[in-house]
Each structure stands twice: as structure tokens, then as C-alpha cells.
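Subject: Handing over the structure

Hi,

Here is the structure I promised to pass on.

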Amino acid sequence: FGRFVRVVEPGVYPVVPFFQDVKELSVVYQEIDLPMQSVAVQPEGVLTFSANVGITIADAGLAFNAIDDYQNTVRKSCAGHLAEALSTVEGDRLGVEARGRLLAALRKTLNTELGKYGVSVEQIRFTDFVPNAPVGRLFNDQTGTR
């Protein structure tokens with residue numbers, strides 16, 4: 001009746017028409033690409049990054065029932081939480097030699113946030129990571145032109 005009941009293994013299962021249906025949910029490892037973002041970091045710098053997050057479904061019931069579209073929600077949630085976490089990181093932790101500890105801390109943060117959706121983060125990889133990148137403006141400032 002519109003609720004997740006259980007995960008079934010391969011086999012034959014009777015389905016009562018109009019009352020039951022079977023929906024497929026991939027519980028294998030998936031990679032989600034996050035868009036490029038620019039965030040202000042301390043002290044007075046800008047970090048431009050994009051990432052690739054590897055996830056698995058830890059609880060199919062939560063992935064179906066806690067949110068509507070888990071892939072879209074996970075993508076947006078990962079992008080927001082990574083940007084928020086990276087904006088509070090000190091500048092010395094953004095270097096190449098300290099990035100392993102930074103990724104472990106970010107993975108722990110994402111697992112805490114996404115656990116309520118039944119999703120587990122297996123790995124995070126930065127596809128672009130440029131501290132102090134120059135950021136151009138796409139739109140003219142129209143505040144003082146009238």
C-alpha cells in the first residue's frame with residue numbers, strides 16, 4: 001500500500017495486482033558527481049572544488065520511505081554539506097599533504113548526515129580542488145547605475 005516492506009532476493013514472488021508492486025532499487029556502489037562550487041574559506045580566500053562521492057544503500061527502507069528521490073536528495077545534500085564543511089576549514093588543512101585527513105573527516109560528516117536517509121558514503125574524491133582561485137563575475141553590478 002505505498003510503503004516499503006522488505007528487500008527480496010532473486011526468485012519468484014507472488015504479487016497481488018492493484019495492492020502490491022515491486023520497485024527496483026540498486027543497492028550496489030554508485031558514484032555521484034557534484035557540481036563545481038566556490039566557497040569562502042579562512043583566512044580571506046576562495047576555494048573552488050568539485051567532487052565525486054561513492055555511495056551505497058545501507059537501508060533500503062529509509063532510502064524509499066524517508067525521502068522521495070534519494071539520488072537527487074543525496075546529490076544536493078552532499079554538495080551543501082561539503083561546501084559548509086570546507087568553508088570552516090583552516091587554510092593549512094587544504095594542502096595536498098593534509099588532504100587525506102580532510103577527506104576522512106568529510107566522509108565522517110557526510111555519513112552522519114546521510115545516515116538518516118539510509119545511505120552510506122564509501123569514498124570522496126575531489127575532481128577539482130583549487131585554493132585561492134580567482135573568481136570572475138558573470139553579471140554586472142546594477143545597483144548604482146540609475
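Below is what turned up, starting with the whole chain and moving on to single residues.

Two bits of housekeeping before that. This is a predicted model, where local features need pLDDT of at least 70 and side-chain atom pairs count only at pLDDT 80 or more, while totals for chains, interfaces and linings use all residues. Residues are numbered from 1 along each chain as its sequence is written, and side-chain values use heavy atoms, with hydrogens and water left out.

**The chain as a whole**

You'll find 3 helices and 4 strands in the chain. Helices (H or I, at least four residues) and strands (E, at least two) are DSSP runs, numbered from the N terminus. Read from that end, the order is β-β-β-α-α-α-β.

The chain has 146 residues, and 33% of them count as buried. Buried here is under 20% relative accessible area, exposed is over 50%, and partly exposed is in between (1.4 Å probe, protein chains only).

**The core**

The largest nonpolar core has 33 residues, and Phe-49 and Leu-86 touch the most other members. By nonpolar core I mean a set of buried Ala, Val, Leu, Ile, Met, Phe, Trp, Tyr and Cys residues joined through side-chain atoms within 4.5 Å. At least two residues of this core come from each of strand 2 (37-41), strand 3, helix 1 (60-65), helix 2 (70-87), helix 3 (99-114) and strand 4. Helix 2 gives the largest share, 8 residues.

Leaving out residues up to four places away in sequence, Val-39 touches Gly-45, Val-46, Leu-47, Phe-49 and Ala-83. Val-39 and Leu-86 are 47 residues apart in sequence, and their C-alpha atoms are 7.6 Å apart in space.

**Aromatic rings**

There are 2 aromatic pairs in the structure. Rings of Phe, Tyr and Trp (its six-membered ring) pair if their centres lie within 6.5 Å; planes under 30 degrees apart are stacked, over 60 edge-to-face, and the rest tilted.

Phe-49 and Phe-126 make an edge-to-face pair, with 6.1 Å between centres and 85 degrees between planes. This pair joins distant parts of the chain, as Phe-49 is in strand 3 (residues 45-57) and Phe-126 in strand 4 (residues 119-131), 77 residues apart. Phe-126 is buried at 17% relative accessible area. Phe-126 also pairs with Phe-129, this time tilted, at 4.6 Å centre to centre and 45 degrees between the planes. Phe-129 is buried too, at 13%.

**Charged and polar pairs**

How many salt bridges does a search of the whole structure find? There are 2, where a salt bridge is a side-chain nitrogen of Lys or Arg within 4 Å of a carboxyl oxygen of Asp or Glu.

One joins the side chains of Arg-125 and Glu-31, at 2.7 Å from N to O. Here again distant parts of the chain are linked: Arg-125 is in strand 4 and Glu-31 in strand 1 (residues 30-33), 94 residues apart. Arg-125 is partly exposed at 37% relative accessibility, and so is Glu-31 at 41%. The other salt bridge is between Glu-113 and Lys-116, with the closest N and O atoms 4.0 Å apart. Glu-113 is partly exposed at 25%.

Finally, look at Gln-30 in strand 1. Gln-30 is buried, at 11% relative accessible area, and its side chain makes a polar contact with that of Tyr-70 at 2.9 Å. A polar contact is a pair of N or O atoms within 3.5 Å; within protein, one must be able to donate a hydrogen and the other to accept it, and residues adjacent in sequence count only if both atoms are side-chain atoms.

Cheers

Definitions and conventions: Contact = heavy atoms within 4.5 Å.
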